[in-house]
Structures are given as C-alpha cells and as structure tokens.
2 protein chains.
Amino acid sequence: MRNNNKIPKPVIRRLGLYYRCLNRLNEEGIEFVASKDLAARLGIKSSQVRKDLSYFGEFGKRGVGYNVEELMKKLEGIIGVDKYWNVIILGAGNIGAAIANYAGLKKDKFNIIGIFDADRSKVGKKIGKLTVQHVSELKSFVQKNIIEIAVIAVPETAAQMVVEELETLNIKGIVNFAPVKLRTKIPIEDVDITLSFKSLVFRIERSKKEGN
Amino acid sequence: MRNNNKIPKPVIRRLGLYYRCLNRLNEEGIEFVASKDLAARLGIKSSQVRKDLSYFGEFGKRGVGYNVEELMKKLEGIIGVDKYWNVIILGAGNIGAAIANYAGLKKDKFNIIGIFDADRSKVGKKIGKLTVQHVSELKSFVQKNIIEIAVIAVPETAAQMVVEELETLNIKGIVNFAPVKLRTKIPIEDVDITLSFKSLVFRIERSKKEGN
DNA sequence: TAGATTGTTAATCGATTAACAATC
DNA sequence: TAGATTGTTAATCGATTAACAATC
C-alpha cells in the first residue's frame, strides 16, 4: 500500500520511534534488522511495524529484514528530518531555557535561533549561545529569518495571545508546553507535563487497589 | 456504569484535562457546567465527556449539568491528586532543573524534595530550594523519606541503569524524559520531547503537500 | 532448495459518537 | 409542565493483530 490515504495518528509517533531505534542499531554497527527485532526493542508487535511502514512503501527484503541505514534514511525523508528546521522559543523561563539548551534537538536538526520573553528583566540574559530578546522584537526577527517552528513556553495565561501572534507571523508549526488547549489552525503538538504526572498518579493508585 | 472494569487509556489522560478545566471554571466563578460546554472548551464531543465520567459514577444533574466544584473534588479523588506526592529528580541537567523549578507541579501537590546527579561537579549546586546531591546518596535518602515518584532526566545512556536502581528502592511510579523505551514493571509515563518535534515536522510536511 | 521474513488482507479488538429514554 | 441535559446503549469508526501467500 502507498501513501495515498490518511495515516493513523499513532503511526506518526511510531515513525519517530522507529527512526530513533534505527539510529541506535546503526551506531551498534548492525546492518539488517527484522520487524520482529525492531518490535521487540520498542515493546510492540512485529506486524505493527510492518503495517506502519507499509503506508509509505516497501522497504524490506523478504527472508532478510530491513537494511538499517537505508530504512533510516528513508524515514528521515518521510518524517522530514532530512533538513534543518529553524525554531524560536517564546518564554525564557525554566522550560524555555531547558529547551534552548537541549542537545537532543540540535542533533535532530532543530536549530534554535531565538528566544523571547515579555519580561524586560530577562531581556539580554544569555541562555546557552542565545540572548533573550523582548517579544516586541519578535515580528522583525521573524521577517529577517526563516522560522518554521515556535515553542510556546510562556505562562498559561499568555499562551493563547502568543498563538494568535504566531498565526499572523505565518509560523508553520507549534510545540506547546503551556497547559492549555490552544485554538489555532497551525499544526500543534502539546507536551503536557503536569498531565503526565496526573496520569501516573492515577495508574499508581489503580495498581495499588488491584494489587498488581 | 461503575468502576468495575478496565478504564480505556485515553480516558485517563482526559480525566486530567477535565480536572484542569474545572479548576479554571471554578476560578471564573462558574457554578454549573454542561458536558456540552466542557467538551467545547477541550475541543471534544459532549458524549465523550459523559461517557468518560460514567466510568466512575454519576456526577451530573439531568437538565442542569455538573456542579463545578463538586465534580472537581470528585476528580481530585479519582485521579489521586487529593493528597501530596513526594518526587525526586534523577539528573540535574537542563530538564531536571526545569522540572525542579516548575511551579505547576507544586500547585498540583507534587512536592519535589530531592535532586540527584552522577556528576560530582554539579553536587552542591542550588536548584531552586534544593541542593544537588550525588547519586550515591540516593539510597539512604529514599530510606529516610517516603518517595513515590521519580523523574528520570538523565542522559539516555544512563536511563536504564537508573530505572533498575529505582526498582530496588521500591519507587511507585516514574516520569521519564529520556528518549528511550525503558524496561520496568513500575508504572511509567514517557514525556518524549524530540518525538513531539518530529511528529510536528511530519504534519507540517503533510499539510504542505495536501495544501491545507 | 529450505528457512526466514516480508507486505497485505481479513478478523479482532478498542474507542468514539449518535441517539434517546430517563429525569432534573 | 416544558425544556434541558444526563447516563447509557448500540452503531460506527479507527487501530491493532493474526495469519499467510509471496518471495528473498
């Protein structure tokens, strides 16, 4: 099967998982991997790996498996991490700073090229190699640079306003760390840390009650 | 319907979403809310709200809706955030520090009471009100304090080892920021930031191609 | 060739949604 | 009472999995 139709949402996330796993395998010097082995590393079923990949083409050799480096490169193109992406961060608080300094993103070709805050007392501060700019400079910065992705790391109360500004600036995608549902037509990914803690607590309580 | 059987995984996450929304409504001074309104705020269907809640009991009044404060308290108990949870952080890098300083967690009754690192040069450093301790002190710290939750914010290469140590220390749940699938029987929630960026990029590319 | 593993179909499983009787 | 909204059932939709012919 090919490309034509809708890709199930869970598949998209797993693509990144596969890509990462393939990178490891490649570093380990492994040349071929079977769907069974890939699946085992990720704790899923081999048929799921094969089905997921089948949305995008035929990458394996029957009886053999997948060429690690080849599949890696293919996935790179499919996901879109075969090129560099420019990223700005809105909000120079704890989370904004952590993202700005996060080495994993740079490794994946996400270039963080600007960080902004509304708080003048933070402006001028150094975060890694970046200097915090005031939000009032956002517009001209975006006009001078090609920015595809913005990270929202502002307080919840400011987040919706920021999104609306990003829309006018023609940003292509948003990673949102503010714990609110934001209304926007821009593709957005929510990273909801407090929600993860709450889910965990629910599961802990349950496992206590059910004794497993 | 009641409690008896399995709660679908997506419901668990939405419980947190409802709880947060109810908090806002309460702050706004709103006393009653219909499933329709709650759903609209979260961008989901009203029947989903009602179905989700029905796993845990009957909380609404027909013709009226839900008492905001009452439902909030109920959810607090259901999720398990009606009590305080002690949390330690493994890894005093960018992410560990950001979590340690994150006010949203404190507000939700997660008390971060310790932060550890393997790097001796970081030991003694102040992060918010906490002082970074060396991992070698982890065991005795956990024995002196009641710790339910551990946050893994160490480099990917160290994560599996850390998990295994946490298992021996009888930790009840883990929030994992390291970009690896960790093998453990402890309930674990993964927060995978680079994966969110990759999913976003995939969606941006798709929306370009399909022109929407 | 014999053994292994793919790609794909069909069956199963799980989650969402519409619809509506019950009832505030 | 009339209007509104719940709680729940049944229908629909979407995702996972087993199974197997195709083929390296």
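Me: In this predicted model, which residues does A:Gly91 touch, not counting residues up to four places away in sequence?
Reply: Residues are numbered from 1 along each chain as written, chains are lettered from A in the order written, and side-chain values use heavy atoms, without hydrogens and water. Local features need pLDDT of at least 70, side-chain atom pairs count only at pLDDT 80 or more, and totals for chains, interfaces and linings use all residues. With contact taken as heavy atoms within 4.5 Å, A:Gly91 touches A:Gly96, A:Ile115, A:Phe116, A:Asp117, A:Ala153 and A:Val154.

Me: Is A:Gly91 buried or exposed?
Reply: A:Gly91 is found in the loop between β4 (85-90) and α5 (94-101) of chain A. Buried means under 20% relative accessible area and exposed over 50%, with a 1.4 Å probe and protein chains only. Because its relative accessibility is 5%, A:Gly91 counts as buried.

Me: Which residues of chain B does A:Ile95 touch?
Reply: A:Ile95 has its place in helix α5 of chain A, and at 13% relative accessibility it counts as buried. Within chain A, A:Ile95 touches A:Ala153, A:Phe177 and A:Ile193. From chain B, its contacts are B:Ala98 and B:Tyr102.

Me: What distance separates the centres of domain 1 and domain 2 of chain A?
Reply: An automatic or database assignment gives the domain bounds. Chain A is divided into domain 1 (9-79) and domain 2 (85-194). Taken over C-alpha atoms, their centres are separated by 31 Å.

Note on methods. Helix = DSSP H or I, 4+ residues; strand = E, 2+ residues; numbered from the N terminus.
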